Amino acid sequence: MSQTDEVGKTRYLVLHDYGMGGLWWWVWASSAEEIVSSCAEVEVITDPDAVRRAETWGLEEVHLDAPDPNPLSSLRAQRAAQHGQPGFGVLVGRNRVYLRWPGGEEGEVFLMELGPDGRRLRQVEIGADGGAVKTGVEDWPFNPPFDLHDPQYVAMAIGRDEFEGSWERARPESEG
């Protein structure tokens, strides 16, 4: 955040991180919470150094309540569709979230530990043969956040004990 306008809105630095890159904007809104409640798959950046750097980038400024179309239109529509669904926002505010991500092309399953910002902290990949490999933040070149407001993740939630048991049984990736 860096500025307030004449009607009491504040300018926030907002990122839509899609893994191999991201889209950045200055978004005028009443609060950071209003932004993440209104737009799917975004985060409000509060790190002062990141905000200072972004001030030199010439980013587009968008009002959260601007009429469509605007750069936030699709993210607002996505969030609006989620609002009435069972499980919306249930995972928000937790210190840790554990998910079982459904099988990949080769039948593997991923168990993930997410932090409160939705980013992976640890992961166990369980292969179709039952073998398990554990990895951490240092092993991933990209780590975009999961949108913990998204109700789809509630059905994937597992308990801490299930994750920890799998983590203990898995071998480190470096032992390939």
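Ring pairs link Tyr 98, Phe 163 and Trp 167 into a cluster, where rings of Phe, Tyr and Trp (its six-membered ring) are taken to pair if their centres lie within 6.5 Å, with planes under 30 degrees apart counted as stacked, over 60 as edge-to-face and the rest as tilted. The structure is a predicted model, in which local features need pLDDT of at least 70 and side-chain atom pairs count only at pLDDT 80 or more, whereas totals for chains, interfaces and linings use all residues. Residues are numbered from 1 along each chain as its sequence is written, and side-chain values use heavy atoms, with hydrogens and water left out.

Across the whole structure, six aromatic pairs are found. The rings of Phe 163 and Trp 167 are classed as stacked because their centres are 6.0 Å apart and their planes stand at 20°. Phe 163 and Trp 167 are four residues apart in helix H4 (residues 160–169) and are therefore separated by about one helical turn; helices (H or I, at least four residues) and strands (E, at least two) are DSSP runs, numbered from the N terminus. Both Phe 163 and Trp 167 are buried, a class that means under 20% relative accessible area, with exposed meaning over 50% and partly exposed lying in between (1.4 Å probe, protein chains only). Phe 146 and Tyr 153 form an edge-to-face pair, with 5.5 Å from centre to centre and 75° between the planes, and both of these residues are likewise buried.

The search of the whole structure also finds 13 salt bridges, each defined as a side-chain nitrogen of Lys or Arg within 4 Å of a carboxyl oxygen of Asp or Glu. One of them joins Glu 61 to Arg 11, the closest N and O atoms being 3.0 Å apart. Because Glu 61 lies in strand E5 (residues 61–63) and Arg 11 in strand E2 (residues 10–17), this pair ties together parts that are 50 residues apart in sequence. Glu 61 is partly exposed at 41% relative accessibility, whereas Arg 11 is buried, with a relative accessible area of 6%.

A second salt bridge is formed by Asp 147 and Arg 79, whose closest N and O atoms are 2.9 Å apart. Asp 147 is placed in the loop between strand E9 (132–136) and H4, and Arg 79 in helix H3 (residues 73–83), so the pair ties together parts that are 68 residues apart in sequence; both residues are buried. Between Arg 119 and Asp 117, the closest N and O atoms of the salt bridge are 3.9 Å apart. Arg 119 counts as buried at 19% relative accessibility, while Asp 117, with a relative accessible area of 44%, is partly exposed. Through salt bridges that share partners, Asp 17, Glu 43, Asp 117 and Arg 119 are joined into one network.

Two backbone features were also examined. Most residues other than glycine have a negative phi, and most peptide bonds are trans. The peptide bond from Asp 68 to Pro 69 is cis, with omega near -5°, and Pro 69 lies in the loop between E5 and H3. Glu 41, a residue other than glycine, has a positive phi near 60°; Glu 41 is found in the loop between helix H1 (32–38) and strand E4 (43–45) and is partly exposed, at 36% relative accessibility.
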